[in-house]
Amino acid sequence: MSRFWSALVNQLTPYVPGEQPKTDKLIKLNTNENPYPPSALAIQAMQAQANDKLRLYPDPESSDLKACIADYYKLKPEQVFIGNGSDEVLAHCFQALLNHHQPLLFPDITYSFYTVYSKLYQIEYQQIPLDDDFNIRLDNYKIANGGVIFANPNAPTGKLLSLETIDDFLQHNTDSVVVVDEAYIDFGGDSAIALVNKYPNLLVIQTLSKSRSLAGLRVGFAVGDSGLIEALERVKNSFNSYPMDRFSTAGAIAAFQDNNYFSAQCEKIINSRSWLNEQLLALGFSVAASKANFIFAEHKAINAELIAEGLRAKNIIVRHFKQPRIENYLRITIGTQIECERLVDELKAIVR
Ligand SMILES: *Cc1c(COP(=O)(O)O)cnc(C)c1O
């Protein structure tokens, strides 16, 4: 604290990301990174950018990447917005589209950046409780609102809403923007991108950080009606004209072009997820049905913090949130199959 801080800065409660340890010897199951490397084509494309052209600014519009994503999802380039990680895209949404006179609605248990951005942009919000099985009940969002945002699958629960449920909600909620944060959709859900041409108030956000193994590159994007995209462009061009550098643009395009590799890695994670799910059940955990690259689990007898400490002592890190309703749960990222097997071996020793 310092007397030079603004009143706003005094009030902020910043997001706390999961630990990024400085050592390689840990099995890192705490931040939902992909355990498999990015596409080799993406690495090559980025290496090819290490040249004299770096003296020049990149394309401020990221036109090639926009065209690539538009083509991939059969949309128009003006329906695509690109940002420095989906966190930046989310931040621009909060400022450009979700700040109105009525409260913004989002779940009580979800990605904690939603409260952080609400405070940063001074947006009034109302948290709608998940039901007892951790499901988002969109019927409870059919109230006056200045915007709605939820993650699908939700974090940290991994629970998925069907496209029909989201479609039904959008039929009822036509006067405010609905943002669906699909950071984990490629691990088994149906994307609401299929609905963007039907609803001009629907914005879908995705990232290359999880399913495309590029968390270190920082690329996220939003798709929706061109009117919504224009709002994001206005904020972006009032903040930073060049969020995408030459490496991220080239790497992201190549990652989208290497679709076989992408599908194969997603499939491996989905298979390890069902294996780990079975193993955790056998060890006495109750497990939320996850469609993400992590599992949210509670042990029936042993305290979550004790389990996390026990794993840490064995060089495995998982995420524990000290938050009402979920303080006895652990969020465990799906690692490689070998890492999942190591995890289960260590858990056996801890819970017996
Ligand atoms: C990881 C995550 C993001 C942020 O992803 P980046 O693109 O790496 O900024 C956004 N939303 C949710 C729900 C996430 O879990």
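**View 1. Helix H4 and the shell around the ligand.** Helix H4, residues 85–97, gives the most to the shell around the ligand, with 4 residues. The model shown here is predicted. Among the residues that surround the ligand are Gly85, Ser86, Asp87 and Leu90. Tyr111, Asp181, Ala183 and Tyr184 also belong to the surroundings of the ligand. Thr207, Ser209, Lys210 and Arg218 are listed there too. Sorted by class, the shell around the ligand holds 4 nonpolar, 4 polar and 4 charged residues.

**View 2. Polar atoms beside the ligand's oxygen atoms.** Look for Asp87, Thr207 and Ser209 among the residues around the ligand. At Asp87, a polar backbone atom lies 3.0 Å from an oxygen atom of the ligand. How much of the ligand's exposed area does the protein bury? On its own, the ligand exposes 380 Å², and the protein buries 93% of that.

**View 3. The largest pocket, where the ligand sits.** The ligand takes up space in the largest pocket. This pocket contains about 1100 Å³ of space. Its lining is made of 45 residues. Which of them lie nearest the centre of the largest pocket? They are Tyr15, Val16, Tyr111, Ser112 and Arg319. Find Tyr111 again here: this residue is also one of those surrounding the ligand.

**View 4. Helices and strands that line the largest pocket.** Four named elements give two or more residues each to this lining: H4, strand S3 (104–107), helix H5 (113–120) and strand S11 (316–320). Which element gives the most to the lining of the largest pocket? H5 does, with 4 residues. In the shell around the ligand, by contrast, H4 gives the most. The lining of the largest pocket divides by class into 20 nonpolar, 15 polar and 10 charged residues.

**View 5. The largest cavity.** The structure has 3 cavities of 30 Å³ or more. The volume of the largest cavity is about 60 Å³. Its lining includes Pro37 and Ser39. Ser211, Arg212 and Ser213 also line the largest cavity. So do Ala255, Asp258, Tyr261, Phe262 and Gln265. Helix H9, residues 259–282, supplies the largest share of this lining, 3 residues. What classes of residue make up the lining of the largest cavity? There are 4 nonpolar, 4 polar and 2 charged residues.

View 6. Start with the peptide bond from Asn152 to Pro153, which is cis, with omega near -5°. Pro153 belongs to the loop between strand S5 (147–151) and helix H6 (163–172). Next, follow the chain to Ala155 and Pro156. These residues are joined by a cis peptide bond too, and omega is about 5°. Where is Pro156? Pro156 is in the loop between S5 and H6.

**View 7. Phe134 and its positive phi.** Phe134 is a residue other than glycine, and its phi is positive, near 70°. Where is Phe134 placed? Phe134 is found in the loop between strand S4 (125–128) and S5.

Technical notes. Residues numbered from 1 in each chain as written. Predicted model: local features only at pLDDT ≥ 70, side-chain atom pairs only at ≥ 80, totals over all residues. Heavy atoms only, no water. Near = heavy atom within 4 Å. Polar contact = N/O pair within 3.5 Å; in protein donor to acceptor, adjacent residues only side chain to side chain. Areas by Shrake-Rupley, 256 points an atom, 1.4 Å probe, with all protein chains shown as cover. 1 Å grid on protein atoms, 1.4 Å probe; cavity = no way out; pocket = protein on both sides within 12 Å on 5 of 7 lines; lining within 4 Å. Sits in = over half its atoms within 2 Å of the grid points. Nonpolar A, V, L, I, M, F, W, Y, C, P; charged D, E, K, R; others polar. Points joined across faces, edges and corners; volume = space filled by probe spheres on them.
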